[in-house]
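This briefing is meant for someone meeting the structure for the first time. It starts with the overall picture, moves on to helix packing, and ends with individual residues.

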Amino acid sequence: MESQPARGAGPELANESDADLLVYMAMADDDPACARAAWEVFYRRHAEYLYRVCLRAYGGILGGEAGVADVVAEAFRAAYENAHMFEPAGIADADRLRLRARAWLGWIARRIVQDILRGRGRLPTRELEPDRWQQVPAIERAGGGPSAKEGLVRQAVESLSEREQLVIRTTFQWYRPEKQHQRLPNDIAADLAETLGTTPENLRQIRSRAMKKITDFIQARTAEAEMKEKSNG
């Protein structure tokens, strides 16, 4: 991801709808240059949005900006490789299509985070040629810093009690990063509370404590690694 495409790549595609851009991406085997150009337009159109909503939704559990940027980059990789799976549902209006495309990207990002929390690999995708992946522009973020490792997130989650792990994994299974002020569906919250022998109101407190533990764990391990690296240097 060190190599970035030139600004204005694929200008002839800049006014295409999101649905058409995804169609061009899906034809990568037939016209790789057009697919790459469409991907770059799609990326520039939605990357900042997806980064913002994922930072709000998952920043705490992924160790901050660096971890979120990794998930966003992986989401766009998956979108490119699975462009043929996008369903425009007959929508012609550009604004409504944009909302649908962003919801689809949010779903992909949520699946990636769920797999990280479950200790599994990321989304199963077709193999992407290295030269194409190198064309993805890096997400610009304030602060920078080392990338969060999936293994560190899994270790943080596994350090929680079984009760806390269940709350965290259930919460993120139902979380929609593109929506604000959301909560678990009432029936899911009631079932989870009954399973844990608590109340739906107390689930929020359990989640809050668990998120703080995860954040503290990641920050502590990251600080340890940085100190070790400095001492070795």
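The model described here is predicted, and in it helix H3, covering residues 65-81, packs against helix H4, covering residues 94-117, at an angle of about 120° with the two axes 9 Å apart. The protein chain as a whole contains nine helices and zero strands, so that, in the way helices and strands are assigned, its pattern along the sequence reads α-α-α-α-α-α-α-α-α.

**The chain as a whole**

- Of the 233 residues that make up the protein chain, 42% count as buried.
- When contacts between residues at least 6 apart in sequence are considered, 76% of them join residues at least 24 apart.

**H3 against H4**

- The crossing in which H3 passes H4 is right-handed.
- On the H3 side the contact involves Val71, Glu74, Ala75, Phe76, Ala78 and Ala79, which meet Trp104, Leu105, Ile108, Ala109, Ile112, Val113 and Ile116 on the H4 side.
- Sorted by class, the residues of this contact between H3 and H4 comprise 12 nonpolar, no polar and one charged.

**H2 against H4**

- Helix H2, which spans residues 32-58, has an axis that comes within 10 Å of the axis of H4, and the two cross at roughly 50°.
- H2 and H4 are therefore oblique to each other, and H2 passes H4 in a right-handed crossing.
- The H2 residues in this contact are Phe42, Arg45, His46, Tyr49, Leu50, Cys54 and Tyr58, while H4 contributes Arg98, Ala101, Arg102, Leu105, Gly106, Ala109, Arg110 and Val113.
- The contact of H2 with H4 is made up of nine nonpolar, two polar and four charged residues.

**H1 against H4**

- The axes of H1 and H4 cross at roughly 50° and come within 8 Å of each other, and the two helices are therefore oblique.
- Asp18, Ala19 and Leu22 of H1 make this contact together with Leu97, Arg98, Ala101 and Trp104 of H4.
- Five nonpolar and two charged residues, with no polar ones, form the contact of H1 with H4.

**Helix H7**

- Helix H7 runs over residues 162-174, and its 13 residues reach 19 Å from the first C-alpha to the last, which is close to the 18 Å expected at 1.5 Å a residue.
- The buried residues of H7 are Glu164, Gln165, Val167, Ile168, Thr170, Thr171 and Phe172.
- As background to reading such a list, an α-helix has 3.6 residues a turn, so residues three or four places apart point the same way.

**Two individual residues**

- Glutamate 12 is located in the segment that comes before helix H1, whose residues are 18-26.
- With a relative accessible area of 58%, glutamate 12 is exposed, because that value is over 50%.
- Although 26 residues separate glutamate 12 from alanine 38 in sequence, their C-alpha atoms are 9.4 Å apart in space.
- Alanine 89 sits in the loop between H3 and H4, and its phi is near 60°, a positive value in a residue other than glycine.
- Alanine 89 has a relative accessible area of 47% and is therefore partly exposed.

Notes
Residues are numbered from 1 along each chain as its sequence is written. This is a predicted model: local features need pLDDT of at least 70, side-chain atom pairs count only at pLDDT 80 or more; totals for chains, interfaces and linings use all residues. Side-chain values use heavy atoms; hydrogens and water are left out. Helices (H or I, at least four residues) and strands (E, at least two) are DSSP runs, numbered from the N terminus. The expected span of a helix is 1.5 Å times one less than its number of residues. Buried means under 20% relative accessible area, exposed over 50%, partly exposed in between (1.4 Å probe, protein chains only). Axes are lines fitted to C-alpha atoms, for helices over the stretch in contact, and angles run from 0 to 180 degrees between N-to-C directions. A crossing is left-handed if the near helix is turned anticlockwise from the far one by less than a right angle, and right-handed if clockwise. Contact means heavy atoms within 4.5 Å. Ala, Val, Leu, Ile, Met, Phe, Trp, Tyr, Cys and Pro count as nonpolar, Asp, Glu, Lys and Arg as charged, and the others, Gly among them, as polar. Angles under 35 degrees count as roughly parallel, over 145 as roughly antiparallel, 65 to 115 as roughly perpendicular and the rest as oblique.
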